[in-house]
Amino acid sequence: MSRKKIALIGGGQIGGVLAQLAALRQLGDVVLFDIVQDMPVGKTLDIAEASRIDGFDSHLKGTSDYKDIENADIIIVTAGLPRKPGMSRDDLLTTNAAIIKSVAENVKQYAPNAICIIISNPLDAMVTLFKKVTGFPANRVMGQSGVLDSSRFSSFIAWELGVSVKDVNAMVLGGHGDTMVPLVRYANVNGIPAMEMIEKKYNDATKAKEVMTKIVDRTKQAGGEVVKLLKTGSAFYSPATAAIQMAEAILNDEKRLLPVCALLNGEYGCNGYYVGVPAILGANGVEGIFEVTLNNEEKALMDNSVKAVTNLVADMERLGL
Ligand code: APR
């Protein structure tokens, strides 16, 4: 039986970490593609030269030739530019949409059976475009956003409570932007509601609410917090780790229930748009979507987030993309 093939389109900051993590976890052989010549060859060589130390046998290949992604099982797309000073959201949308369009055309040609995970921003629009251009079925095209946003939310809860993050389960739904919806009511520490634990910590329900509001706000702005501190570029370790968890769930047919940017077909009152929702990930990609029961307040937040996604997609269509 041959090894699985993981093709990474975009060999920048996130692409490099993806390649290293895929090798370390021995998910399969790795192809790192970038339009910049030589750089992906150098990066994969650098990672591969640590294989004796790390003890992995995965083959790594850097390339600028799409032919090398032929018959990949999984494709992870990070091609695209981060926003630069003076660039409007529309500018970023236009630039990255052109890149995603060409990536999608090549993936369709060279890896027509691949399951694809998109990371490039603006995420919800880029996944929509990738699906439109490839025409792949919805189960094989998804975006990474919720796994990372939920990890950030869980980390902040763990740090507040002084408990291991391994015991925290907290999920973020909705679009990958300011309107994302951290589900406070469902957040728990090994089954104990996180809010109950924060209330006990302070013995004050009002103070607990304030603390949780700060955690929710920090979660929504976590990407921006990192951008500000890095000075150049955006988060790359955590987005790569999140996408690798999704790829691992698919390659090992784990049936994980993870927050995934998936195409909705009536769920959450939305049809035909990509939104972050709990989904089962297995060998066939997105194998099911779970509709969480939301109260009125949560439903309003989710509706607002879906509206932001539909506006983003409308902007993209208005630009003729
Ligand atoms: N095909 C393939 N790769 C491309 C193309 C293209 N048409 N156009 C640009 N690239 C490559 C760049 O050469 C660069 O190496 O995409 C890579 C992007 O890497 P970085 O600029 O380091 O960006 P990164 O931090 O990896 O983020 C990538 O993910 O989270 C999002 O907002 C982020 O959209 C950005 C993307």
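This is a predicted model: local features need pLDDT of at least 70, side-chain atom pairs count only at pLDDT 80 or more; totals for chains, interfaces and linings use all residues.
"Over a ring" means NZ of Lys or CZ of Arg within 6 Å of the ring centre and within 35 degrees of the ring normal. K207 lies over the face of Y202, at 5.2 Å from the ring centre.

Some ground rules. Residues are numbered from 1 along each chain as its sequence is written, and side-chain values use heavy atoms, without hydrogens and water. Local features need pLDDT of at least 70 and side-chain atom pairs 80 or more, while totals for chains, interfaces and linings use all residues.

Now ring pairs. How many aromatic pairs does a search of the whole structure find? Three. Rings of Phe, Tyr and Trp (its six-membered ring) pair if their centres lie within 6.5 Å; planes under 30 degrees apart are stacked, over 60 edge-to-face, the rest tilted. F33 and Y66 are stacked, 3.9 Å centre to centre, with 25 degrees between the planes. F33 is in strand 2 (residues 29-33) and Y66 in the loop between strand 3 (60-63) and strand 4 (74-77), so the pair ties together parts 33 residues apart in sequence. Strands are DSSP runs of E, at least two residues; helices are H or I, at least four; both are numbered from the N terminus. Both F33 and Y66 are buried, meaning under 20% relative accessible area (1.4 Å probe, protein chains only).

Notes: Buried means under 20% relative accessible area, exposed over 50%, partly exposed in between (1.4 Å probe, protein chains only).
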